[in-house]
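Take a look first, and then read on.

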Amino acid sequence: MSKMTRRKSMEYIKKEYARTRTMPASWYLNSYKYKYNVTHMKPFLDKLKEGKLVGLQCSNCNRVSFPPKLVCGNCLIKPDRWVDLRETATIATYTITYLKDEATGKIIEKPIACIRQDGCDTTIITELAPEINYEDAYVGMPLKIHWADNLEGSLSDIKYYDVIDDKSKDMALREKK
Amino acid sequence: MEKVGIVGYYQVKLASDANYGRYEMIFEAVRGAIDHAGLKKKDITTVISATNDYYDGRTISNCFTVEVGGGYMADESKVEMDGAHAMLYGLMRILSGNHKLAVIWAGSMPSCFPYHSARLYETDPTWERPSALVTDISAGGFQMRAYMEKYGVSAEDIAKVVVKNKKNAAKNSLALPEAQMADITLSDVLNSEIFADPVTELMYAQPCDGVAALLLAPEHHALKITDKPVWITGVGWNQDPYYLGDRDLSRNKSMELAGKMAYDAASIKDPANEIDVAELSEAFAHEELIFAEALGLAEAGKASTLNSGIDGDIAINPSGGALGGNPPCATGLIRIIEAVKQLQGEANGYQVKNVKKAIASGQIGMCAQNNILYVLEGGGN
Ligand SMILES: [Zn+2]
């Protein structure tokens, strides 16, 4: 390839010999404290405690995010309009993971899904009801939120999603308890 | 834009557990590229690397690679992304008019750290990490299913990509030995261990140890170094949002926009007919199809019908692609090197005939959040 002289300096490196040792070491990154804003989350979490769902809408491009986003990437402004969302949703995509439980060594099958809440433009990554047979799941499958027994105003208030036959029965927004 | 040429390259043979220390592997790649071009240390004017502090187990990890990377008393900097992004930085340094020779090197050694745990630290610490639902693998499961269901593509169609790439890798002496599978069948792929349904083990580009290096020079200088430089005629890059819930995973918008930008620069109007070879960084087999569609090589949902073998209508990943070995941070740079070999007629064993234009891509992030695409021409072929 070259017009210039080839050098031979690589030759010694081709030889096979044990050229490494390993030294175990740790890197304590687990102790990091993450600071994050809650201003844009508070109304969302307060509504969850009431058993209601709200999305945050960008007043410039009208995109509704659920869960709420701090900043609209499209417009570089803070979305500030809260909109009520229905309890119904749709599977956007899903997968089944197989993770080894470190304690028992057992493989745990864990289906997870990206779910689009009706009335918003983003999806939330969460779980489906344990009784759902994943062989029957499909993209576009209609769902309805299954609330936790005790609402605490956190994301865990959304326990998982149940499959429903017909979304039209769930058109009304949830009444205040 | 002034022409910038690729004038040398070197890739260390990939290994799942390499008998190398980090510095010696970097040295072999950088010294190998300098020797390949017949140059000396004093010819280097700028050095750009791509590694990751977490993967290296050190902060500001490039401060340790000054000597082995060629950066001793030289203009030096690092990109914490793929080597293809480091090349972008190097390209800009050359275009500034201040530099005659840029060394770009990239790579890491996942045999030294828990790769998937490191990728878990890529997820959002407040939203996603506590539930641990999203990992690099489950994200690929979401993406593959979204693509399959949108276009009615079957798992067999995606397994065909694996068969093609692993067979290609068997012809590439620098590919990962475990990924060189000359006799692989569709059922081997479909029946391999399931990672995140529908992704199986063989559909996933296995992380491995490896470093690659490449040299850039401005036109007048490139022609002094070699008779057949490969010219960068277009580059485009783009970034999707991080959160998977914000994205349509059945397509790749950032690759579409990166492709448009690179094609505009290189005046490519009809990519499917103008491009002879595509080396695309696919972290999963289905990403090769999504990228081929994003880059106009096939219509949406139709990439699985392409004849993309080495002797096909358009050769995609004749080197085996990332499925032939995926050294984090080096994978995209290796795709560029493979495209350069094709243009120079030096891809021994997997050379595509009559290559005039090639594209090569690098990616970073969950479900290929960030993509960069190069259009390469020349090479004397
Ligand atoms: Zn907006």
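The report below covers confidence, the metal site, a surface patch and the salt bridges.

This is a predicted model, in which local features need pLDDT of at least 70, side-chain atom pairs count only at pLDDT 80 or more, and totals for chains, interfaces and linings use all residues. Residues are numbered from 1 along each chain as its sequence is written, chains are lettered from A and ligands numbered from 1 in the order in which they are written, and side-chain values use heavy atoms, with hydrogens and water left out.

Let's begin with confidence. The predictor assigns the complex an ipTM of 0.81 and a pTM of 0.91. Chain B has a mean pLDDT of 95, with 99% of its residues at 70 or more; pLDDT is the predictor's confidence in each residue, from 0 to 100.

Next comes the metal. The SG atoms of C58(A), C61(A), C72(A) and C75(A) coordinate the zinc ion at 2.3 Å (donors are N, O and S atoms within 2.8 Å of the metal, or 3.2 Å for Na, K and Ca; water is not among the atoms, so sites may look incomplete). Because the 4 donor atoms subtend angles of 106 to 112°, the arrangement is tetrahedral (for four donors, all angles between 85 and 135 degrees). Along the sequence, the donor residues follow the spacing C-x2-C-x10-C-x2-C.

On the surface, L70(A), V71(A) and L76(A) form a nonpolar patch with about 270 Å² of accessible area together. Patches are made of residues with over 30% relative accessible area and no salt bridge, like charges being joined within 9 Å and nonpolar side chains (Val, Leu, Ile, Met, Phe, Trp, Tyr) within 5 Å. Accessible areas come from the Shrake-Rupley method with a 1.4 Å probe, and for residues only the protein chains shown count as cover.

The structure holds 21 salt bridges over all chains, each a side-chain nitrogen of Lys or Arg within 4 Å of a carboxyl oxygen of Asp or Glu. Here are some from chain B:

| Pair | N to O distance |
|---|---|
| K160(B) and D157(B) | 3.6 Å |
| K228(B) and E346(B) | 3.1 Å |
| R247(B) and D240(B) | 3.4 Å |

R247(B) is buried at 9% relative accessibility, and D240(B) is buried at 14% (buried means under 20% relative accessible area, exposed over 50%, partly exposed in between, with a 1.4 Å probe and protein chains only).

Note on methods: Tetrahedral: all angles 85-135°; square planar, octahedral: opposite > 155°, others 65-115°.
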